[in-house]
Amino acid sequence: MNRYLMTPGPVPVSPEVSLAGARPLIAHRGGEYSELFLRVEGKLGRLLKSGGRTVIFPSSGTGALESLAANFTGPDIKALSVSCGVFGDRFREITALYGAEIVKLDVAPGEGVSPDSVASALAANQGCSVLLLTQNETSTGVFNHIDAIISALPRGQDRPLVLVDGVSSVGAMPCFPEEWGIDGLATASQKGLLTPPGLGLVWLSERGWRAISERKCQSYYFDLARQKKDLYKDVPENPYTPPVTLYYELDAALDAILTDGWFDLRRRAADALAAGLESLGFELFVKDAKFRSAGVTAFSHRDVPAISKALKRIGIDPAGGQGVLKGKIIRMSHYHDVRWPEISLVLGGLYSALGESRGASSDFMRAAFEKWEGD
Ligand SMILES: *Cc1c(COP(=O)(O)O)cnc(C)c1O
């Protein structure tokens, strides 16, 4: 049976992306590779609205977060860590592992981070030189307004270095680090960037590059200064072997993402799905619409396991809750090119899953499905 993958990473990749990955390999030293590298860098620059280049590691998103922690923090650093879910907690945990003193600001699951709460926490905890934020908290479907949070921070020397987990936001929603004042941004290939898993990406501001040049990185592999040397050569390269196939795929995926109106389409898909879910009687997990993610939607029901099981049976693969939300919510991603046919598919599947969870035997979908399965 065909399966429709709706997990918030990995996401379905388009035929164009898969085909790009089928190209013969090239060596990663020399002109042909550099051309590919520069093309990808140019497209990432357009996506992030930045002239700066992006470091690309062969790693998942967690590797990109670890590189920020290893380069920016250490036992001499006090960091304010803002978390509204599992991934905010993870960024905090990695940073603590590198020895930083952590000041916690926790926001309840399903709620977004208010700019004032961050500014007050900083004022109440002098000496925090690093701020950890999550743009899109994938475990709850919360989208944080990073631009507004940064606008509320103190200016000049008092402003902490702003490190952002953009693993599940970049590609699916606006993320303009230079314009907003982010200093270190981490992301990955397999969510909003619509590429198979395997690339961890890190972008730094000029202030960010300066800050790390004054520190000794605590990791060999994730040393950003070492990456920078090769990244800014006329013929850029990587210090260690890059996954060239994934670069081909990212190159192709970026063409779709950079088409006009992509972010608006993602937003519309999220809003349409949310309206359908509410009208079917599901409860959206993020109550305040302005914090709802354009990439992933979480919702609850009194019998989540039954709904998940019924969806899986008809070939739709959503994700469940993580941590304390296990068994309490269902999450569906719409990073990929979800339009009306896909939305109807999902809402129709949920309608039938609701019927099944009530033990309804006359459900039209069930009749058709039983024929399909051969009674
Ligand atoms: C998926 C995700 C991560 C972890 O990424 P991996 O690629 O699984 O290592 C980190 N932060 C956020 C917000 C995520 O969605």
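Strands (E, at least two residues) and helices (H or I, at least four) are DSSP runs, numbered from the N terminus. The model is predicted: local features need pLDDT of at least 70, side-chain atom pairs count only at pLDDT 80 or more, and totals for chains, interfaces and linings use all residues. Residues are numbered from 1 along each chain as its sequence is written, and side-chain values use heavy atoms, without hydrogens and water.

**View 1. Ala298 in strand E12.** Strand E12 spans residues 296–300 and holds Ala298. Ala298 has a relative accessible area of 4%, so it counts as buried (under 20%, with a 1.4 Å probe and protein chains only). Beyond four places in sequence, its contacts include Thr140, Phe285 and Arg331 (heavy atoms within 4.5 Å). Leu284 is another contact. The C-alpha atoms of Ala298 and Leu284 lie 6.2 Å apart, across 14 residues of sequence.

**View 2. The open sheet around E12.** Four strands run in the order E11-E12-E15-E14, with antiparallel pairing (pairing needs at least two DSSP bridges between two strands). Strand E11 (283–284) and strand E14 (319–320) are the edges, each pairing on one side only. Two bridges join E11 and E12. Glu283 faces Ser300 of E12.

**View 3. The largest nonpolar core.** This core has 88 residues, and Leu80 and Val118 touch the most other members (a core joins buried Ala, Val, Leu, Ile, Met, Phe, Trp, Tyr and Cys through side-chain atoms within 4.5 Å). Helix H10 (residues 244–257) gives the largest share, nine residues. Domain 1 (4–9 + 260–373) and domain 2 (15–257) both contribute, so the core lies between them; the bounds come from an automatic or database domain assignment.

How values were computed:
Buried < 20%, exposed > 50% of the residue type's maximum accessible area, 1.4 Å probe, protein only.
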